[in-house]
Amino acid sequence: VDLSEGRMVALFDHVRNMLEMGIEATFPGKGFANAMLVGSNVSYKSAAALTLLKRIDGLGFPYKTAHDIASAIHKNLPKSTLLESSHFEVDERGFITVVVPAKLLATILTNIVVHGVLPPKQEKKKRVIIDFSSPNIAKEMHVGHLRSTIIGESLCRLLEYRGFEVLRVNHVGDWGTQFGMLIAHLKDEFPNFRNESPPIGDLQAFYKASKKRFDADEEFKKRAYTEVVKLQAGTDADVRHAWKLICDESRREFELIYKRLHVTIKEKGESFYQPMMPSVVADLEKRGFVQVEDGRKIMFVPDQAVPLTVEKSDGGYTYDTSDLAAIKYRIEEEHADWIIYVVDVGQSLHLETVFSAAKHVGWLDPAKVRVDHVAFGLVLGEDGKKFKTRSGDTVRLVDLLDEAVERAKVVLDSKRGGDLQPEEYAAALDAVSYGAVKYADLSTSRTSDYTFSFDRMLKLVGNTAPYLLYAYTRMSSIARNAGIDVSKEIAKHPCEFTEGPELALARALIRFPEILNRITDDLMPHTLGSFLYEICQLYSTFYEKLRIIEHDVDKATGTKTIKSIHYPRLALCEAASLVLKQGLSILGMDVVGKM
Ligand code: ARG
């Protein structure tokens with residue numbers, strides 16, 4: 001009964017939110033399916049009554065059909081000034097349709113212009129931990145981590161905007177076996193490392209050199225192993241110092257990338273959980289979850305083929321152990337309501353096993369804590385193979401971003417970049433170059449592999465960053481150039497939309513919260529990209545077909561004076577630019593007024 005009543009309450013909440021609609025209201029995500037167009041109105045259709053019927057079966061409710069339930073909902077609708085009972089329709093099968101009348105459409109758009117684009121309502125402030133970026137120390141951050149960084153930053157912004165409390169966590173790989181050879185190599189190369197910071201400089205080269213020795217030299221390999229054991233035992237101050245030097249160097253490099261991409265993240269890497277690992281393993285052992293195989297301590301998890309290795313035969317811990325300790329800490333100490341792992345699809349099995357283990361041993365109660373693996377595919381080169389440099393090396397992110405900037409310059413200069421002030425040009429260049437890299441990634445479904453192509457991401461037409469950014473400059477400049485504060489003027493000029501192109505744009509704009517609800521649900525930001533692209537296309541038809549501001553031109557002097565202003569349309573431009581700006585910001589992108 002509880003569950004069904006819960007559903008009832010949830011449904012009434014949906015309906016109430018519909019009633020209070022304003023752009024700030026929650027558009028029911030799952031309950032009310034895709035918006036449909038009815039004449040000049042927009043409608044939402046809900047199958048909630050059909051779902052409810054199945055749920056209440058045998059629970060003693062007096063409803064026999066979905067139509068009965070739908071009618072009961074209709075009859076009990078709370079009062080609202082915006083939507084009347086006549087705006088709801090119940091059909092024979094029990095579908096409820098809510099029609100958003102033109103007047104309400106205008107109200108919502110006016111609200112956007114006056115109050116800004118407010119996020120859909122959030123019931124209770126929830127805490128979400130987003131584990132993203134998470135490169136490995138000393139190994140260069142590669143394009144896979146770039147994807148995680150871009151997608152993760154976008155999800156952080158989405159959920160922050162929605163009112164969640166977001167903990168942005170960089171789960172860097174700073175504790176793995178690679179440190180053995182790195183520390184051994186550091187000791188050989190820079191024997192004076194205790195007193196003087198070694199000029200490691202190129203960490204990737206340093207990594208490569210130590211790997212080469214590790215693979216070729218048995219003696220060195222043995223030493224590398226002992227160094228890891230010493231590191232993990234935590235008793236050797238020198239080893240710890242060497243480890244820290246290497247981490248610091250890596251960190252500096254990561255920071256440069258984050259700064260350029262406007263990414264905020266806090267490091268809490270694998271080593272952070274080291275102090276907890278012994279007790280986690282001991283606890284699992286005590287409760288009988290662990291068995292020993294070939295000297296390793298392993299843990300089988302229901303429905304998962306591969307066991308987790310919680311302790312190696314030399315007493316060291318693994319990636320599995322750190323993830324177990326991390327999930328426990330996130331739930332029990334950090335009190336997360338939701339944990340999101342933005343990690344490549346290649347680690348699905350690992351993460352699934354960790355999640356099932358956490359459930360199995362009772363740390364994770366799925367009814368209380370939501371856990372998601374936001375998986376993403378590979379980055380491919382234009383040749384369809386794994387993204388590499390011509391010489392076959394992994395592409396360094398700094399080089400990649402540098403190239404993005406160079407290429408974006410060409411694009412800007414081909415337009416009108418020339419007559420911008422230097423600081424305007426710099427801002428535009430930043431917006432286009434990094435925007436292009438981010439948008440190319442976020443506008444494709446994250447689960448598929450994605451082909452990295454500067455040519456494609458910098459095209460001026462199509463679903464690209466430059467197209468959207470230029471569209472923004474056009475939308476936002478109309479009122480600005482005319483010197484009008486639309487948010488003030490609109491109160492004196494009530495909105496009404498009657499023409500096809502303006503209605504189409506208005507109807508699309510009010511769907512923004514619904515799109516946000518959807519991506520909060522499925523964590524697929526590309527839907528937002530497609531939505532924003534659609535807005536720009538509708539805007540461009542609207543702009544071509546309808547007059548917004550008309551000018552008189554003095555034939556003798558060529559000076560233009562405003563003859564007439566269509567305020568509702570100007571409000572539409574403003575609303576479109578605000579929605580676009582907010583949407584792009586959720587995708588991690590900056591807009592500029594001029595390009
Ligand atoms: N450092 C890992 C890698 O580069 C990603 C870590 C993802 N997060 C996690 N909690 N396992 O593959």
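**The parallel sheet and its surroundings**

Guide: The secondary structure of the chain comes to 21 helices and 16 strands. The model is a predicted one. The chain has 595 residues, of which 40% count as buried, and its C-alpha trace spans about 85 × 80 × 40 Å along the principal axes. Among contacts between residues at least 6 apart in sequence, 75% join residues at least 24 apart.

The part you ask about is an open sheet of five strands with parallel pairing, in the order E7-E6-E5-E11-E12. Strand E7 (266–267) and E12 stand at its edges with a single partner strand each, so one side of each is left without a neighbour in the sheet.

Take the pair E5 and E6 to begin with. Strand E5 covers residues 127–131 and strand E6 covers residues 165–170; they pair in the parallel sense over five bridges. Arginine 127 stands opposite glutamate 165 in E6.

Next comes the pair E11 and E12. Seven bridges join strand E11, residues 338–344, to strand E12, residues 370–376, and the two run parallel. Valine 343 has alanine 375 in E12 as its bridge partner. To get from E11 to E12 the chain passes through helix H12 (residues 348–360), and this β-α-β crossover is right-handed. H12 also packs on the sheet, where it touches E11 and E12; the direction of H12 makes about 175 degrees with that of E12.

Now look at helix H5, residues 143–161. At 1.5 Å a residue, its 19 residues should span 27 Å, and the end C-alpha atoms are 27 Å apart, which agrees. H5 is mostly covered, with 15 of its 19 residues buried. After H5 comes glycine 163, whose phi is positive, near 95 degrees.

From there, turn to isoleucine 586, which touches Ser154, Arg157, Leu158, Tyr161 and Leu528, leaving aside residues up to four places away in sequence. Isoleucine 586 has 26 C-beta neighbours inside 10 Å; the cut-off for a buried residue is 20 or more, so isoleucine 586 counts as buried.

Isoleucine 586 lies in helix H21, and H21 (residues 567–586) packs against helix H18 (residues 500–509) at an angle of about 35 degrees, with the axes 10 Å apart. Their crossing is left-handed. On the H18 side the contact is made by Glu502, Leu505, Ala506 and Leu509, and on the H21 side by Arg569, Leu572, Ala575, Ala576 and Val579.

For contrast, there is also an open sheet of three strands, in the order E8-E9-E10, with antiparallel pairing. Its edge strands are E8 (291–293) and E10 (308–311), each of which pairs on one side only. E8 and strand E9 (residues 296–299) pair in the antiparallel sense over three bridges, and glutamate 293 has arginine 296 in E9 as its bridge partner.

Notes:
Residues numbered from 1 in each chain as written. Predicted model: local features only at pLDDT ≥ 70, side-chain atom pairs only at ≥ 80, totals over all residues. Pairing = 2+ DSSP bridges. Helix = DSSP H or I, 4+ residues; strand = E, 2+ residues; numbered from the N terminus. Right-handed = clockwise from strand over helix to strand, strands pointing away. Contact = placed C-beta atoms within 7 Å. Axes fitted to C-alpha atoms, helices over the stretch in contact; angles between N-to-C directions. Expected span 1.5 Å × (residues − 1). Buried ≥ 20, exposed ≤ 12 C-beta atoms within 10 Å, placed from the backbone. Left-handed = near helix turned anticlockwise from the far one by under 90°.
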